[in-house]
Amino acid sequence: MSFVVATFYHFVELSNYYDMKDTIKAVCSDLKLKGTILLAEEGINATISGERNAIDKMFDFLRSDYRLKNLMWKESTTEFQPFNKIKVRLKREIINFGIGNLDISLRGKYIDPEHWDDFISQPDVLVIDTRNKYEVKLGKFKGAIDPDTEYFREFPQWAKSFSKNKDLKIAMYCTGGVRCEKSTAYMRELGFNNVYHLKGGILSYLEKTHNKNDNWEGECFVFDDRIAVNSSLVPSDKIKCMFCLNRVLTSRLKSVSRGQVICSDCELHD
């Protein structure tokens, strides 16, 4: 059996997000969908997995809410269910950045995946990876700057210390795009004038370009039991236990917290 994995986010005012939780969870349960959905007053952020028909019905349901009618998502497939259950959580932010009253409308200009390679090849463009260091360790775009953050909420402090000419072109990217909505808005708030970001993130880039120019190096970390996907968006076969260095299959996975992959055998001796 093949499962569809759908990743999506949408910034929009959801004043009744508390009331949405139980209904959304019930629909997911009825459709046998699994994954994680975050709800906040500022919007929705999620990755869900299930059969093709169930995914389609879920998005029909979500887009029946006029506030989510323009909701877009990215898909990949896997031969196993990468989540154990469905979780719908209420949050202050759909992605934890820690900067209050940030104006998301300031976000940088989108660069379509098909134009990304040409854009970042320009000599006056600096490429910044907004993800955390354990994600960057698995893969990144050639020449990208790594802020070396453990958590996304550390990015603002790094950005404040980023002493570069504020007229330079800055191209930023993340896994699916949601982190760049906030990080590029913050960079512009700091006075950087030419801020851009990869529309749809790494996942859209790999889906639409197939990494034809080999600008993406390595694997892309994902927040489910696939651990990482390769440039063809299929689960990586290169993930190893940090202790025994053996390849970790989903059936033998014990923990992948913050990129620390541990197999069930080594966990017994940890």
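## Exercises on rings and helices

Phenylalanine 59 is buried in this predicted model, since its relative accessible area is 1%, which falls under the 20% limit for that word.

**Exercise 1.** Decide whether tryptophan 73 is buried, partly exposed or exposed.

*Solution.* Begin with the relative accessible area of tryptophan 73, which is 28%. Then compare with the limits, where buried means under 20% and exposed means over 50%. Tryptophan 73 is therefore partly exposed.

**Exercise 2.** Work out how the rings of phenylalanine 59 and tryptophan 73 are arranged, and where in the chain the two residues lie.

*Solution.* The structure holds 18 aromatic pairs. In the pair of phenylalanine 59 and tryptophan 73, the ring centres are 3.8 Å apart and the planes stand at 5°, so the pair is stacked, given that planes under 30 degrees apart count as stacked. As for position, phenylalanine 59 belongs to helix α2 (residues 52-63) and tryptophan 73 to strand β4 (residues 73-78), so that the pair links distant parts of the chain, 14 residues apart.

**Exercise 3.** Describe how helix α1 packs against helix α2, and name residues that meet there.

*Solution.* Take the geometry of α1 (residues 17-30) and α2 to start with: their axes lie 10 Å apart, at an angle of about 160°. That angle makes α1 roughly antiparallel to α2, because angles over 145 degrees count as such. The crossing of the two helices is right-handed. Finally, look at the contacts, in which Thr23, Ile24, Val27 and Cys28 of α1 meet Met58, Phe61 and Leu62 of α2.

Methods
Residues are numbered from 1 along each chain as its sequence is written. This is a predicted model: local features need pLDDT of at least 70, side-chain atom pairs count only at pLDDT 80 or more; totals for chains, interfaces and linings use all residues. Side-chain values use heavy atoms; hydrogens and water are left out. Rings of Phe, Tyr and Trp (its six-membered ring) pair if their centres lie within 6.5 Å; planes under 30 degrees apart count as stacked, over 60 as edge-to-face and the rest as tilted. Helices (H or I, at least four residues) and strands (E, at least two) are DSSP runs, numbered from the N terminus. Buried means under 20% relative accessible area, exposed over 50%, partly exposed in between (1.4 Å probe, protein chains only). Axes are lines fitted to C-alpha atoms, for helices over the stretch in contact, and angles run from 0 to 180 degrees between N-to-C directions. Angles under 35 degrees count as roughly parallel, over 145 as roughly antiparallel, 65 to 115 as roughly perpendicular and the rest as oblique. A crossing is left-handed if the near helix is turned anticlockwise from the far one by less than a right angle, and right-handed if clockwise. Contact means heavy atoms within 4.5 Å.
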